[in-house]
Amino acid sequence: MDDAGIAIRGVSKTYVGRGREVLALDRIDLTIEPGEFVAFVGPSGCGKSTLMNMIAGILPVSEGIILHHGRAVNGINRDVGYMTQRDAVLPWRTVEQNVALPLRFHGMPARQRRDHVASMLEQVGLSGFGHAYPAELSGGMRKRVALAQLLAYGPDTLLMDEPFGALDAQLKLLMQERLLRIWLERRQTVVFVTHDLAEAVTLANRVVVFSGRPGRIKAIEPIDLPPGRDVFRVRFLPAFEAAYTRLWDALAPEIRKGEAA
Amino acid sequence: MSGAAEELAALGGGVRTASVRAVEAAEVRRRILVLILRIAVGIAFIWLWHHASGRWIDTLLISSPQAVGLRLWHWTLDGTLWTNLSITLEATAFGFIIGCGVGFSLGLLFGRFRLLAEVFDPYITAIYSIPKIALAPLFIIWFGIGIESKVAVSAAIVFFVIFLNTFSGVREVDPLYVNTTKIMGGGELSVLRHVIIPSAASWVITGLKVSVPYALVGTVIGEFMSSNSGIGYLISQATGLFNTASVYAGIIVLALVGAIINAGLRQIETRVLRWRGS
């Protein structure tokens, strides 16, 4: 597999701390096809973010192997784009400088960089904010800066950990629409971690449900909705409801287990 | 960021109305009032000094504003002021630069390598708890009574402030920024340059603000102990002769220099840390 697919083979993660060893993820096997939009859902602490961070190479696997582009991930994976709930845009760089940073790392010449950054900012509706510092922007605008940055250097795989979690409901829908449009255009492989089932069904081709700790894959639900779906209206389709119900049935006992424990 | 600022950022624009102008005018009036009161306090102090001198308190102890002013005037005319001040400033500047350079580099190094920090921690704490002024006699033995020993005293004082601030700044860097920058394609050097140093900058600048006055203190103390020039030398010599007018003149010069340096640093701070917003 030489493309943007991700192969997760027998991956486990254990943490050692306070004199105890905790199994966070238990032998996960999952293949993510190139260009596929996969959502991870599960109760808090099920290891879905951990798995994503292992794909990003931020955390080492305890057992098993993760292949990306056909190569084992070992150390920071520079072939992905990474976006989390917490803002990672650097507060001491202006919007422009932030978006340009990965381009600089990839050796794009300054003049070309400037044009490219301008067009990216236009795509996310932030033209005219290039010289602003992140502290001068609203939370939603900072998210769009992060998105512009991600798109600017165009990684073929995006890892997103509740990227819109901190936004209000309306803004979240707008960001989802933007993301979906971009994905339709570019067809990156996307791993999207969320605790919002509706968000998962709205965006993904496939939703992976994790069990509570230790995290195991409990169910995988293909989402049978048109790829050019309308994020505002998709929730009223019968197929959405069916998928949502099946996912909830898989997820609910896991959440209740967590509550009882 | 405050809710109001968030709101403003989200709204953007806004209109310059009469109430905006009214708010601004009130702010200007306030500033003028503060300025007038400041000057009044200064004048009141000098008047009180003048009034107390020779009347309530012996002139030998507190001199008088006229005598001090006259002394400063003479020093300026005959070049004494500039000759000695330049030597003090030179020693302070060199000490400051050396202390900063070494402190910053070691702070970065120790901040990045945990083992190094853990091994040296007790030794650094021990040396840190020595009053650096106690090292001044040693430096005079090592470097003589010239400028070198004063540079050494102020460098030793500045070093620790900058070192500890840089170290904390580097340790406080958000790992999310480091990881994200690496994933975007940044190497170790890029992470250092674009993430770690800017992130530590606010700590370092706080350190600078604290340490510049200390550098001046270090130099002057070195000059007190043994030297043949500098403001500290002028003060200690005048003390020996019970020439209080000169002692106060020297102290006033030091106070002014300290205030000017601080104002300059504040300018630098607002420029470098512009990104923090208001």
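Author: Happy to! A residue is called buried if 20 or more other C-beta atoms lie within 10 Å of its own, exposed if 12 or fewer, and partly exposed in between. Keep in mind that this is a predicted model.

Reader: Thanks! So is Ser63(B) buried or exposed?

Author: Ser63(B) has 22 other C-beta atoms within 10 Å, so Ser63(B) is buried. Its place is in the loop between H3 and H4 of chain B.

Reader: Over to chain A. Where does Arg187(A) lie, and what is its phi near?

Author: Arg187(A) lies in the loop between helix H5 (169–186) and strand S8 (189–193) of chain A. Its phi is near 55 degrees, again positive in a residue other than glycine. Arg187(A) is partly exposed, because 15 other C-beta atoms lie within 10 Å.

Reader: Which peptide bond is cis?

Author: The one from Arg213(A) to Pro214(A), with omega near -5 degrees. Pro214(A) is in the loop between strand S9 (206–210) and strand S10 (217–222) of chain A.

Reader: Back to helix H12 of chain B: how far apart are its end C-alpha atoms?

Author: They are 42 Å apart, which agrees with the 42 Å that its 29 residues should span at 1.5 Å a residue.

Reader: Which residues in H12(B) are buried, and what covers them?

Author: Among the buried ones are Thr244(B), Tyr248(B) and Leu254(B). The cover includes helix H3 (59–62), helix H4 (65–78), helix H10 (188–225) and helix H11 (231–240) of chain B.

Note on methods
Residues are numbered from 1 along each chain as its sequence is written. Chains are lettered from A and ligands numbered from 1 in the order in which they are written. This is a predicted model: local features need pLDDT of at least 70, side-chain atom pairs count only at pLDDT 80 or more; totals for chains, interfaces and linings use all residues. Helices (H or I, at least four residues) and strands (E, at least two) are DSSP runs, numbered from the N terminus. The expected span of a helix is 1.5 Å times one less than its number of residues. Two residues are in contact if their C-beta atoms, placed from the backbone, lie within 7 Å.
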